[in-house]
Amino acid sequence: MAEPYPYRSHVDQEDPAYAPLPGGAEEPKGHRAPAKAAVLAGLSLLLVAGMMIGFFTDTRSDVCAQVDDGRLWTTCRGGAAGPRPIPAETMVGMAPRGVKEGVSAKSNRIFAGVNVRGFPWNNSMLSWQRTAFHFQPEKNWMNDPNGPMYYKGWYHFFYQYNPDGAVWGNIVWGHAVSEDLIHWLHLPLAMVADQWYDINGVWSGSATILPDGQVIMLYTGSSNESVQLQNLAYPANLSDPLLVDWVKYPGNPILAPPPCINKLDFRDPTTAWYTSGGKWRFAIGAKVNKTGMSLVYETEDFKNYELLPGLLHAVPGTGMWECVDLYPISENGLDTSENGPGVKHVMKVSLDDDRHDYYAIGTYNEKANTWVPDDPEIDVGIGIRYDYGIFYASKTFYDQNKRRRILWGWITESDSEVADVQKGWASLQGIPRTVVLDTKTGSNLLQWPVEEVESLRLSSKEFDGIEVKTGTVVPLDVGTATQMDIVAEFELDKQALEATPEADADYSCGASGGASQRGALGPFGLLVLADDDLSEQTPVYFYVVKGPNGTLKTSICTDQSRSSEATDVNKQVRGSFVPVLEGEKLSLRILVDHSIVETFAQGGRSCITARVYPTKAIYGAARVFLFNNATEANVKASLKIWQMNSAFIRPYSPQ
């Protein structure tokens, strides 16, 4: 086999001065973003133009020809999806932050350009909203997870960060490390916007760890002319397990958009995978008109790149594909480069148009450079989502330490920017999730909180076989209910189930009246972050519909309509259908951590993340209840509820 890393330096990688790419390493950049000094705008424009011509001359006749002659609409579609309707929530009069800069909306679309009656938040209310065991910076704005990896005993997490305020802008890379994915140490900024090719933002990217221990970080930079360019960075010192200092490759940028791709529609390189031909490949998201797509590049040395013929995948009507992810999946974790007969691959895309993350399971053909969904009717962008609440720009990585695949996702705010500025921070990350294939359905993933979160469990209470009659609410005496891990199972009364007539009606969480809309077999579940008189409550519930031939269709929903008395927060009902197989009980796991509620139904087949901003059900006034608002069937519930400790997330202190 040919030497896979021909650019590898003969200097030992433990040498603190080691620079992995020829031409010498730049001095590590300071950790404070410098003033945006004058750049050679004319020269950089010529350079980008030259790159866009030179890099893609040989591929114009293939990839761009498909775009130009319209073949995308017939050869690259994933089923007869047609144009996707944009949800009403995206129809606003004024573009939110980030849109004109060429990324997805980074402010609340509900409130963008709309006059909203403010709420008199006080410091006590706002302080309560900060989470206790979810990752977030000490202050200011955060969005996409970037470059997660495990290196020399530490989990590394990078993220989009604004060091100057609690709204999107001035984006650089924050950095933190952990030994267990729960307790974190903040580190200095990894990369700042200090070069012409990323002066308007150091945007999202991914890490690749090579077999010889080198670390490659590919990322998108927004140039001084707002062109989305791909760049390379690497650690200044591989012997440092914390990887505090990073170096930008002197030959950056390494890629510019192909001629057929708009300068604002070319971003977010994936983790690279190693091919049978001894080369590395990675994907980048793009679009042409309203067709979302993914391009694939190949390299031997991470300095020279070839745009491969064709498209990895494309789906008309889905719009821009951000934060594309492609990885092999099984009942256990697989290295990103794993491939071969019988190996299934997940493709995931973050849709710029609606800010949701969609995935599908299919087959990756290395020779043809294509990924094909198993079921075109549930292709990426038109089928299943990672999460049916607030969860975006997600990124997985293979944890070689525990041989598992871990998923990170950005959880944005759903209050107003005014409130965010007042509290001094915005956004957090969801609890890291393990991801495996659901072998029972074959079309779903199972997402579950990493096992390490259970180390935060404190005292617990069990409730076995509680009968919850129709139209009733049952308080659960667990003390304060601000930080909880809840595991619950529900059984509908079998006699009532058999006696319930069949119905043709379908149920949709978002189009329903929430937990107050009564049906024969639902809703029933839990009220979390509720006060004693239920003036504020967040129901998490099942709703079952009995269809033709006695088939049952189950939905899992989270209802925020009565979650807060505040006027400047989103209060939506979110959720989806969840497959429930024969012999399975209805099961839930709910993590409550102040202003975030994460729900995992049926072992993680369907997930919902909600941001909740109560004004009364906070601190010692937060309670949890069982409820059953069905009209025909009683429900039996069994639960175990743990109080949760706080994670230790500490600031960096240079020694």
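The largest nonpolar core has 84 residues, and those with the most contacts inside it are F490, L526, V624 and L639. A nonpolar core is here a set of buried Ala, Val, Leu, Ile, Met, Phe, Trp, Tyr and Cys residues joined through side-chain atoms within 4.5 Å, where buried means under 20% relative accessible area, exposed means over 50%, and partly exposed lies in between (1.4 Å probe, protein chains only). A second, separate core of 28 residues includes I216, C260, Y274 and L307. In soluble globular proteins, nonpolar side chains tend to be buried together.

The model is predicted, with local features needing pLDDT of at least 70 and side-chain atom pairs counting only at pLDDT 80 or more, whereas totals for chains, interfaces and linings use all residues. Residues are numbered from 1 along each chain as its sequence is written, and side-chain values use heavy atoms, with hydrogens and water left out.

Strand 36 (residues 623-628) is mostly covered, since five of its six residues are buried; helices (H or I, at least four residues) and strands (E, at least two) are DSSP runs, numbered from the N terminus. Two strands pair if DSSP finds at least two bridges between them, and strand 36 has such links to strand 27 (residues 472-475) and to strand 29.

| Partner of strand 36 | Bridges | Direction |
|---|---|---|
| Strand 27 | Four bridges | Antiparallel |
| Strand 29 | Five bridges | Antiparallel |

Opposite F627 of strand 36 stands V473, while R623 of strand 36 has A530 opposite.

Which residues does V468 contact beyond its neighbours within four places in sequence? V468, which is found in strand 26 (residues 457-468), is in contact with V474, L626, F627, N628, N634 and V635. V468 counts as buried because its relative accessible area is 2%. The C-alpha atoms of V468 and A637 are 7.3 Å apart in space, although the two residues are 169 apart in sequence.

Q447 has its place in strand 25 (residues 445-449), and Q447 counts as buried because its relative accessibility is 0%. A polar atom of the side chain of Q447 lies 2.8 Å from the backbone oxygen of Y386. With residues up to four places away in sequence not counted, Q447 touches Y386, L407, R433, T434, F600, G603, G604 and C607. C607, one of these contacts, is itself buried, with a relative accessible area of 0%.

The structure holds one disulfide, which joins C509 to C557 with an S to S distance of 2.0 Å; a disulfide is a pair of cysteine sulfur atoms within 2.5 Å. The pair links distant parts of the chain, 48 residues apart, with C509 in the loop between helix 6 (494-499) and strand 29 (521-530), and C557 in strand 31 (residues 552-559). The link of C509 and C557 is left-handed, with -65° about the S-S bond. C509 is buried, with a relative accessible area of 3%, and C557 is buried as well, at 0%.

Technical notes. Contact = heavy atoms within 4.5 Å. Polar contact = N/O pair within 3.5 Å; in protein donor to acceptor, adjacent residues only side chain to side chain.
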